[in-house]
Amino acid sequence: MTQLPHEDESAGTPRELREQVERTRHELAGTVEALAAKADVKARAHDKATEVKEQAAAKAGEVKEQAAAKAGELKEQAVVKAKELKVKAADAASRAQDKLPDPVKEKAVQAGEQARAQAARTGRAWEEKAPEPMRARTAEGARMARNHRTALLAAGGAAAVVWWAYRRRNG
């Protein structure tokens, strides 16, 4: 602890005493400021809140970057998997079609033609009676079916094989 001027035996001249008093005042001012800062709970809480807020913002930025990177990876994996499944479906349809006997193929062609004709009749009736928003959604579905024709044909071929196998087994 700091000695008081009257306890210090080395301070003998008035000038030395003034210097010592000035040093003591300076030290005391620093001590008072430190105590005032510790006593100011509101300012300390504000400082801590600011610090925590900055840390949270930094962590949120990191998490957002990690999530975006992971989403990109998952999207790429999904695209690759979808392509693989499309190839597998096309191969399965091709193998199934190769194994079908000619009468079944002919029946499938006939059924397809009949389905197309019926679909055309139904489509004309639909266009005459359906409200515009429904027609727009239906047109979008038809465009998607045309865009994914291979998958639909593969599914039709697989259905024909299943039907043929069922009929053959159950006679």
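**Close-up views of a predicted model**

**View 1. The lining of the largest pocket, by residue class.** In this predicted model, the residues that line the largest pocket fall into 12 nonpolar, six polar and three charged. The lining is made up of 21 residues, and those that lie nearest the centre of the pocket are Q97, A108, L153, G156 and G157.

**View 2. The largest pocket and the helices around it.** The volume of the largest pocket is about 670 Å³. Two or more residues of its lining come from each of the following elements, namely helix 2, helix 3 (102–129) and helix 5.

**View 3. The crossing of helix 2 and helix 5.** Helix 2, which spans residues 41–99, and helix 5, which spans residues 149–170, have axes that come within 8 Å and cross at roughly 40°. The two helices are therefore oblique to each other, and the crossing in which helix 2 passes helix 5 is left-handed.

**View 4. The residues that make the contact between helix 2 and helix 5.** On the side of helix 2 the contact is made by A89, A90, A93 and A96, while helix 5 contributes T150, A154, G157 and V161. Sorted by class, the residues of this contact comprise six nonpolar and two polar, with no charged residue among them. G157 of helix 5, which takes part in this contact, is also one of the residues that lie nearest the centre of the largest pocket.

Terms used:
Residues numbered from 1 in each chain as written. Predicted model: local features only at pLDDT ≥ 70, side-chain atom pairs only at ≥ 80, totals over all residues. Heavy atoms only, no water. Axes fitted to C-alpha atoms, helices over the stretch in contact; angles between N-to-C directions. Helix = DSSP H or I, 4+ residues; strand = E, 2+ residues; numbered from the N terminus. Parallel < 35°, antiparallel > 145°, perpendicular 65-115°, else oblique. Left-handed = near helix turned anticlockwise from the far one by under 90°. Contact = heavy atoms within 4.5 Å. Nonpolar A, V, L, I, M, F, W, Y, C, P; charged D, E, K, R; others polar. 1 Å grid on protein atoms, 1.4 Å probe; cavity = no way out; pocket = protein on both sides within 12 Å on 5 of 7 lines; lining within 4 Å. Points joined across faces, edges and corners; volume = space filled by probe spheres on them.
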